[in-house]
Amino acid sequence: MIKLSNKRKLKSGAMAAALLLTGLAPWVPSANAEGAKDKPIEQSTFRAKSSFGSVQGTDGWYYMEKTAGSYAYLSSYGEKKPAKWEDASGQTSVSDDTFQSIDGSAAVKKWIAPQAGTVEISGTVHKTDSKGDDITVEVLKNKASLWHQTLTSKSAVKPSGVSDIHVEAGDALYFVSEAEGNDGRGETKWTPEITLTTAITIQAEKYSSSSGVQTSADGDAGGGKDVTGLDAGDYMVYKRIDLGGGYKTLEARLSAPVTGNAFEVRLDGPTGPVISTFTVANTETWQDGSDKNYAYETQVWGVDPGATGVHDLYVKVLSGTGMAKLNWFRFTNSETRGATMPFRTYEAEEGTSGGGAVKDENADVKVASSGKSYVQLDRTGDYVEWTNVRDADRLMLRYSIPQNTNGTLSLYVNGVKRQSLELASTYNYDTDDSSYKRRYDDQDAAVQINAGDTIRLQRDEGDVLPWYGIDLIELETAPAPLAMPAGYLSVKAAPYNAAGNGAEDDTAAIQAAVNDAASKGKNVWLPAGTYNQSGKIAVPSGVDIRGAGMWYSHLHSTVTNNVWGGTVGFTLNNDTTISDLRISGVQTQRNNQYAIVVLTNPGAGQRNVLQNLWVEHVGCLEGWTDWSDSTIQNVRIRNTYFDGIHWGDGGNNGNLARNNFMRGLGDDGVAQVNLQNFNAVANHNVAEFNTISANYWGRGMSDVGGDSLIYRDNILDSSFNAGMIITTEPVADPAKNEISYPINGLKFQRNTINKAGHAGHNHAGLHYWLYVNPMKDVRIELNTIENGETQGIHIDNTAFGDSEGRTQFNFNTVENNALDNYQNASTIIVPVLKGNVGIDNSPE
């Protein structure tokens, strides 16, 4: 949440005028009953033969050679039939169905898992010439051999032991063929197919046997039946469920009247190993009157990933009477809390430091770091390295350097220097106000990294900055660029002729394409390239804008000013999807620069979607604008100067923020700030499965007035202030009624708050401050609040309370915080505390 009063005031007057003037995707959780009913087994097949072509990475397939134990991409593609990738000598090559190799130079096809799941490999391999050299073929997962054999004839061989293989996003499967001689006939025919299973769904009523339960007509969308009458000791048995290579998360679609009742899942019998203990949360909807309505929700808990293969599942109720109505169960490999992303993070403090590298030398850098820790390189020869990393072709470095400097840092892979990373401090600091603890920026680099490699960042003699702060690296394999779908107009095509070269201004060209698309019933395509913009793009209702992917299509605002919304991104109306783009600006301060990627025209902002975006160096992604029944998902928001996503203006309602990753923000990751000067109450907004890390100001999430808000299954890590604040406050001018509405309904459930706050400040992991209005019906349940630098939970002594609907603290774990785990300084906020660990509970 932004605290700047001059900017808050813009909305009612100047901001409205400013708006008129400015004119394989990552996983998302199952959100409803129909989706799960329609897909009992969720699988994708990746065929080496049909995916083969001139682009490395199509459907995750890459074409390589292996010499002396090292992999390298084949350098040349030839269209002449049979089309093939080959090395410079032409002796090592792969086609759609063959591998040609010589002794010492193996032909390789590599497949990169786009998400976690269970893999099964099919297909046979054989020599094409019985008189040629013997050929050794092998299948590896990362560095581990799954199967190998030496082929001596043309007889087809089917690899064994290549099913029920668990993979994480970024794991590599290598198919290697190497001749044992140089007679030129070392060719195999091999067309592997990979089936990736990512989830399985079990309809609750489809049990093989049971005790004590009943079934009834399903009250959820999609029809079918529920399992009901679930009391302690009741159970259901589901026969021969294939858990494959293991799952991380169990989803359950349910309706429940009480938080805290639980069931467990055991393998192969009532006393078999427990693989999940699932505590249900109350699903009551907010409504007036005595009649209670319990909606259906998809709730999640973790699963033991070591449970693999085919088993009978025993689902047994542990506690409660009428625990829940169960619609279905779904096993997935998505993260149980926080966002599921295709990159893997390696923290510097968890790597190996050498030379004279030290941890946490600068307190101001430390407090802004992910995990509240970093490694500093001060002298030539200082380094930090990570061993046995994942396969990748993109590296992201989060770094800090002195203000007003630029320089290089050396990147090594397996002891060999690959490149000098160019670093600049342009966005590492707030250039207007040094009190903000902004210290980091990100730099990405293209570099080939194979599974099992060692990566080192080292200060060499030519790296001459006074110091380098290393917070983390992220590794990722960029998917192949997307192709333009039917029904789209390319901004590079005539008559628009956008340059996309990062030098010329393309604003007019993009706007012309958008206007044409609106008149012709089409959408707009930004091919690979960098498109400079100097003004916001006005998008009529129903026009979508899409790029070739966030690693390829980049929309960059070159102008910063103090106009509300700035020159970056778009002004939308209704029914538009913006996707598959990297979007950046040149904002360098929080005060008087207001670049917001997405605004809407007054009275619009309905049913829009923002997805698969990468946003950086701006004020905010979306906020302070009309925004309802809209979705933001699979977005990376990094290094902004205020909130990531901001709801509340104009009674924003029915919005969803799901599976987004935010880091290094200048204020709250997700904020609902609902002020009374808008004459409309924000309601029924949901933020779930988001990861929000290392905000250098503000909080991870906030509820600042409004109704019926749900924050669930998020990770809020290393925030400068509170992980979550619940507050009613005078955001701007009380004389103009710019104070927040009361809070009427909040569910904060199954979230993790870790390492929140900072020493010398009173913000706790979870903080209450009711300064101008009361709250009611706030449920804080099933959360983990730990390792904070102040208190775990703190309730301030203010003039307003919760007498109309007492706050519920139920079944939370609050521990290992530097000060008290729980402190209530108020006499008029009187929570009910039940089943919590680490804090005292209310008397029974």
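This is a predicted model: local features need pLDDT of at least 70, side-chain atom pairs count only at pLDDT 80 or more; totals for chains, interfaces and linings use all residues.
The bond from Lys-81 to Pro-82 is cis, with omega near -5 degrees, and Pro-82 is placed in the loop between strand S4 (76–78) and strand S5 (84–86). A cis peptide bond also joins Ala-494 and Pro-495, where omega is about 10 degrees; Pro-495 belongs to the loop between strand S38 (488–490) and strand S39 (501–505).

Positive phi values occur at residues other than glycine, including Lys-372, whose phi is near 55 degrees. Lys-372 is found in the loop between helix H5 (363–367) and strand S30 (375–377), and with a relative accessible area of 4% it is buried. Phe-689, which is likewise not a glycine, has a positive phi of about 55 degrees and lies in the loop between strand S56 (686–688) and strand S57 (691–693). Phe-689 counts as buried because its relative accessibility, 3%, falls under the 20% cut-off.

Gln-533 forms part of strand S41 (residues 529–533) and is buried, its relative accessible area being 0%. Leaving aside neighbours within four places in sequence, the contacts of Gln-533 include Asp-505, Thr-507, Leu-555, His-556 and Val-568. A polar atom of the Gln-533 side chain lies 2.9 Å from the backbone oxygen of Gly-535, and a polar atom of that side chain lies 2.6 Å from the backbone nitrogen of Gly-569. By contrast, Lys-417 stands 116 residues from Gln-533 along the chain, and the C-alpha atoms of the two are separated by 36 Å.

In one of them, the side chains of Lys-49 and Asp-97 meet with an N to O distance of 3.7 Å. Because Lys-49 lies in helix H4 (residues 48–51) and Asp-97 in the loop between strand S6 (93–94) and strand S7 (98–100), this pair ties together parts that are 48 residues apart in sequence. Lys-49 is partly exposed, at a relative accessible area of 41%, whereas Asp-97 is buried at 14%.

A salt bridge also links Asp-442 with Arg-663, the closest N and O atoms being 3.2 Å apart. Asp-442 lies in strand S35 (residues 441–449) and Arg-663 in strand S54 (residues 661–663), so the pair ties together parts that are 221 residues apart in sequence. Asp-442 counts as buried at 5% relative accessibility, and Arg-663 counts as buried at 2%. In the salt bridge between Arg-779 and Glu-781, the closest N and O atoms are 2.9 Å apart; Arg-779 is buried at 17% relative accessibility, as is Glu-781 at 0%. Finally, salt bridges link Glu-297, Arg-658, Glu-688, Arg-712 and Lys-747 in a network.

Key:
Residues are numbered from 1 along each chain as its sequence is written. Side-chain values use heavy atoms; hydrogens and water are left out. Helices (H or I, at least four residues) and strands (E, at least two) are DSSP runs, numbered from the N terminus. Buried means under 20% relative accessible area, exposed over 50%, partly exposed in between (1.4 Å probe, protein chains only). Contact means heavy atoms within 4.5 Å. A polar contact is a pair of N or O atoms within 3.5 Å; within protein, one must be able to donate a hydrogen and the other to accept it, and residues adjacent in sequence count only if both atoms are side-chain atoms. A salt bridge is a side-chain nitrogen of Lys or Arg within 4 Å of a carboxyl oxygen of Asp or Glu.
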